[in-house]
Amino acid sequence: MADVSVATAHVIRPLTPETFPAWLALAQKHNGVWGGCYCSYFHGDTEQTVKSEYDGPTFKQRLVAEGVAHAALVFDGDDAIAWCEYGSPAELPGIYHRKQYDAGETNPAPWRITCFFVDRDHRRSGVAREALDGALELIAQAGGGEVVSFPNELAPGKRTSSSFLHNGTRAMFEKAGFTFERHIGKSKTVMRRTVPPARS
């Protein structure tokens, strides 16, 4: 996939073997992210790669090489400063509250967005939204379709550390055109949007 053109001063690039080193540098700057997850929590095993047999960076790199790990990376010059992870349910089966989600799902979407991460030096500056828009554009380039995600709904007046909002907020997704469907768990929501295919 090509670089993405969105209304931002930054460049959006897909996660590929070529951009993986920049992605890894961002993850390593933050001690592997989410306690050393390396953005692999939501991934499952593949026929070629079993998660338990590899460390986090190697597992993720193998998935990227297999073409089953997708993300929109926000670049500031040569440095990746954020990502938004997306993919098919088969690629990203490990969502929170999955039993509750599955029980109420009547129309499974072909795409899901599961994870954001923003460099600590760039938080609260709109970069997560840039990553979300980039992911939606990459999904459009891949043919579009329905996209479901599970952002947090923040309690009114309660300030939450951005480092805990691994899947963004309901407000951000609403501004991006997503529709609220229901709550799952204590603070997560199910939100959906249909992305038309990109024009050739």
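The paragraphs below treat the fold, the surface and a group of ring pairs in turn.

The model is predicted. The protein contains five helices and seven strands, and from the N terminus these elements follow the order β-α-α-β-β-α-β-α-β-α-β-β. Its radius of gyration is 16 Å, close to the 16 Å that the globule rule gives for 200 residues, so the protein is as compact as a globular protein of that length. The C-alpha trace spans about 40 × 40 × 35 Å along its principal axes. Among contacts between residues at least 6 apart in sequence, 66% join residues at least 24 apart.

Of the 200 residues, 49% count as buried. The protein exposes about 9,800 Å², and carbon and sulfur atoms supply 50% of that area. Its side chains include 22 positive and 23 negative ones, with the centres of the two sets 9 Å apart.

In one of them, the ring centres of W23 and W83 lie 5.0 Å apart with their planes at 35°, so the pair is tilted. This pair links distant parts of the chain, since W23 belongs to helix 1 (residues 20–29) and W83 to strand 3 (residues 79–87), 60 residues apart. Both W23 and W83 are buried.

W83 also pairs with F117: their ring centres are 5.3 Å apart and the planes stand at 35°, so this pair is tilted. Here strand 3, which holds W83, is linked to strand 4 (residues 111–118), which holds F117, across 34 residues. The relative accessible area is 0% for W83 and 5% for F117. Ring pairs join F20, W23, W83 and F117 into a cluster.

Notes: Residues numbered from 1 in each chain as written. Predicted model: local features only at pLDDT ≥ 70, side-chain atom pairs only at ≥ 80, totals over all residues. Heavy atoms only, no water. Helix = DSSP H or I, 4+ residues; strand = E, 2+ residues; numbered from the N terminus. Rg over C-alpha atoms; globule rule 2.2 N^0.38 Å. Buried < 20%, exposed > 50% of the residue type's maximum accessible area, 1.4 Å probe, protein only. Contact = heavy atoms within 4.5 Å. Areas by Shrake-Rupley, 256 points an atom, 1.4 Å probe, with all protein chains shown as cover. Lys, Arg positive; Asp, Glu negative; His and termini not counted. Charge placed at Lys NZ, Arg CZ, Asp CG, Glu CD. Phe/Tyr/Trp six-rings, centres within 6.5 Å; stacked < 30°, edge-to-face > 60°.
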